[in-house]
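These are my notebook entries on a structure I looked through today. I record below what I looked up, entry by entry.

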Amino acid sequence: MRRKDLLMTILGVILCLTAIAAGQTRRFPPPDFQSGYEMPTTETPPPDADFYEYIAVAVLAAALGVGTYFIFVKRSRKYAWALMIFSLAFFGFWRMGCVCPIGATQNMAVSMFDPGYAVPITVLIIFLLPLALSLFHGRVFCGTVCPLGAIQDVVLLKPLSVPFWLESSLRLLGYLYLGLALVLAITGAGFIICQYDPFVSFFRLSGNFGVLAIGGAFLIMGVFIGRPYCRFLCPYGILLRQLSRLSKWKVKISPDECVKCRLCEDSCPFGAIRKPTGEASSEELAARKKILAVLILLFPFIVLAGGFGGSQISGLLSRSHHDVRLADRIYLEESGQVEGTTDESEAFRGTGESIESLYELSAEIQAEFSRGSWILGGFIGLVIGGTLIKHTIRRNSDEYLADAGDCLACGRCFEYCPRERLRLSKLQEDKQVLYG
Amino acid sequence: MAEINNNKPRNKQSLYQTAVGIAVVGGLFSVLIIAVLGLRYFRYSYILPMQENRLAQIKTELASGAEDEALLEQFRELDFESRKIRIQWYDFTSMAGYPLLFNLAILLIGAKLAKSLQNDKPMPVPGIKYSQFYVYTDSMSRRAVMTAFVLVGGMTIVIAMLSPEINYFAIEEDEETDTAVAAVPGLPSREEIAENWPRFRGPGGLGVSQYTDIPHKWDIETGKNILWKSPIPLEGRNSPIVWQDRVFLTGATETQKQVYCYDAASGELLWQADVPDKDVAGSELDLYPDTGYAASTAYTDGYQVYAFFPTGDVAAFDYDGNRQWVVNLGQPDNIYGHATSVVGYEDKIIIQYDNGLHDDDLSWLIALDWQSGETVWRTPRAVTNSWTTPIIIETQQGNQLITVSEPYLTAYNPDDGLEIWRTDRMSGEIAPSPIYDNGLVMVISPYVEMAAVEPGGDEMIDESYFKWTADRGIPDIASPVSDGQRVYLLSTYGGALAVHSIQDGNLIWQDQLGGEFHASPSIVGDKVYLFSIEGVGYVLEAADEFVKLAENPLGQEVHASPAFVEGRMYIRGEEHLFCIGYSE
């Protein structure tokens, strides 16, 4: 076995064992006192003072500003990397991954549908700042500030190229995850983005075994595939990707003109570099037009099929809601299909609330899920139809470009460009002239 | 220069080896920490629970009075050991995280450094036709996305098939039925139902006769227009139902429940059949005398007759008096005793079984299979016990089963029992049943108001569905009746009659007939028929003013509403069943 492979294996084993070793902890049983000692009331520590939240917002704003400067002005991967490590330490290990804009997506969605749900101003700013910046400078947040991206970036040792077609398909998972997360958040089932955040357990050095295992799997995968979570699953990345396509200033591989030397061609571990397209033949254009026409005709049917498909799983989705699960359990107990009770069903019965009111609540939630599943399915159909059309419309470019939506603004490609090296050497010369 | 060039690779190689060494050291330390963590985790996860089980066992033995010093000592040792394992685990996990993180960082830094020292920057392969490249990748991408779509679709189908389908409002009951299922080929058509009087207040439960050739005058003394009268074996407040040549009634006492079948032409009692107590003995009930043991009107579909009693028993008999099945709906809890009547819908027998208070979880809407008596669906209702009978109406959104109880007026889908809409406006002890006319459901909250509601919407409907309300002459027992223009309300005491416009609910007129009334008024053509408890049959003109056409004493008390079929009216007296029609 080559030494490098050995290293990778060790890393993988360590991560898996970390996950296992830091498994769930059980409560310490209270001692059996016989002397009349009264157990003290358990005290819940107060939440962090608002002060810390404002500091987090200020650091985020500063990091985004500095990151933009490093990528667009300094064009320095080293500085960007240093900022990324700082962000990993601060937003990841210090702030323990919370609040993050990725999870805040759910808060925002709930607040839009539930007038009684208030989103703190700090969460609102944390959610909006990276999005607003993406309209001007693309995904600087992903490349330099996001701790989830950073932890994957640091384990990237042997990047493998993912075929473009596979990348296109896997990206659909992100849309599915985003849609699902929003439906579950709005219906009150839970915030799965936070619940299944694969890296937050690492940041907190403790956590649920399952989530740790998922995180470990992502990191092992991340040794070979650049930032798998960011590229294929991150729901906030979906929003940033779409807004970045509209960004005023885009990341450029070459500081001035592309000489088509092809040196940057395979430099991006995230598959974000687009080759020049060359001239299209008339046969190719005709074929594309024909496919495009068919796809446009099929588009509404794809959306409808998606919606219908979504509606078929509403029953299953609704079971993610604790009240529906409780109603199911009570129903099974009432109808004699199961024996005994669970802690939840006993607790419910202890409240004195009527079973019918629980059934009604569950039915209402299921109705919400039914609507939400239609919308979710339709959304997925929309994305698939849109993706098919996108891959049919011909893009024209005569230079190597960082895809505005997919580029994570990490700055890796800069140093591959001979024009960049020329710029840097000129800069060095200018410095020597200026400062002797 | 040559020396420098030769030294560079050597330095680089040396640096590379150092980096790998750093990574290996970091990795080894990490593995060491992980190994200790694993060991402690094993002790915590596997050994500790065993010790705790043993501790619990000893604790039970000690608690039962065993005075064994050795056992006590073993308990102390085990307790100490188990707490040590637990504390060691907590201590180590809280301490080990940071060294582990540090060593992982060392491992990564070493590995990254080693990686950067390897000169393996990607070099492009020579020659590429960009245009062809994009034709290929775009085509592959489309196929891949379509494949993903199909795969997701397939998974969706599988998931949908595996998804649990629980209808809380359709709890099946394993009620045993007494006898085999009747082999009857079909169910009556709408026309057949309309020609007969199959349920309380006739087709639709509206108290409106399809026939107008009913005499409005009769004389019990002379026998004028009294076609026959037959004694009823057991008492009851239920109304007669009629199917072609059969008239059905029920009767009961504290100890006996019966169903009766009379020949419509002669009044001969063709058969009488006993209904056994299924689960709950009738003697256990303490019923209000005005309700009695047989207040619920039976239902017939032309093949069988279905009777319901305040004991919760429902029984089906064929037209020859053979019992087909009997089931019990559960322990009744109704302060005056059940009086709701049986209704039918397609192949289902439906009973509004309201018990207790609204938060007691005792009220249900229950549909039984007409052939077997097995529960088809069973919908819980958060309502107080009531004495109303549901009606089934046809709307543009489909058929709706309308029920009234405190506090809800609720519409259900009669096919599956699922709720369609409701409003919580109902109040009081509600006995008047709802009616439906001019697209409006009219419901009574005794002594409070009559409300006209448009049957639509879903979930909890708002005020916009209430077309009008009226608060004059609101009855407490008798159900309202509509002639299409006016709604007639009859109060129990004094025979106060209030007539409201169906358009806006405004009071048109009100008057008093005198006496007391339990029976609900009926419409026969342009006439209104009303029977007082004293047994006087009043016939009024259905008009914008009070016009009494006739006043016909029957000679015995009447508590039930009459049934009307072609040329005949059947009315149940305290002791007899009367058939009134034109005598030659």
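Entry 1, a loop in chain A. I began with A:Met96, which sits in the loop between helix H3 (77-94) and helix H4 (101-113) of chain A. I note that the model is a predicted one. I looked up the backbone of this residue and found phi of A:Met96 near 60°, a positive value in a residue other than glycine. Is A:Met96 buried or partly exposed? I found 16 C-beta neighbours inside 10 Å, so A:Met96 counts as partly exposed; the buried class would need 20 or more.

I then turned to B:Arg201, where phi is near 70°. This too is a positive value in a residue other than glycine. I located B:Arg201 in the loop between helix H4 (190-195) and strand E1 (208-209) of chain B.

I checked the bond that joins B:Glu406 and B:Pro407 and recorded it as cis, with omega at about 10°. I placed B:Pro407 in the loop between strand E16 (398-404) and strand E17 (409-412) of chain B.

Entry 4, a sheet in chain B. In what order do the four strands of the open sheet follow one another? I read the order as E3-E4-E5-E6 in chain B, with antiparallel pairing. I noted strand E3 (241-243) and strand E6 (269-274) of chain B as the edge strands, each of which pairs on one side only. Neighbouring strands of this sheet are turned against each other by 25° on average, direction ignored.

I asked how many bridges join strand E4 to strand E5 of chain B. I found seven bridges between strand E4 (residues 246-252) and strand E5 (residues 257-263) of chain B, and the two strands run antiparallel. For B:Val247 I looked up the bridge partner in E5(B), which is B:Tyr262.

I recorded four helices and 34 strands for chain B. Of its 584 residues, 44% count as buried. I also looked at the contacts in chain B with a separation of 6 or more: residues 24 or more positions apart account for 57% of them.

Key. Residues are numbered from 1 along each chain as its sequence is written. Chains are lettered from A and ligands numbered from 1 in the order in which they are written. This is a predicted model: local features need pLDDT of at least 70, side-chain atom pairs count only at pLDDT 80 or more; totals for chains, interfaces and linings use all residues. Two strands pair if DSSP finds at least two bridges between them. Axes are lines fitted to C-alpha atoms, for helices over the stretch in contact, and angles run from 0 to 180 degrees between N-to-C directions. A residue is buried if 20 or more other C-beta atoms lie within 10 Å of its own, exposed if 12 or fewer, and partly exposed in between; C-beta atoms are placed from the backbone. Two residues are in contact if their C-beta atoms, placed from the backbone, lie within 7 Å.
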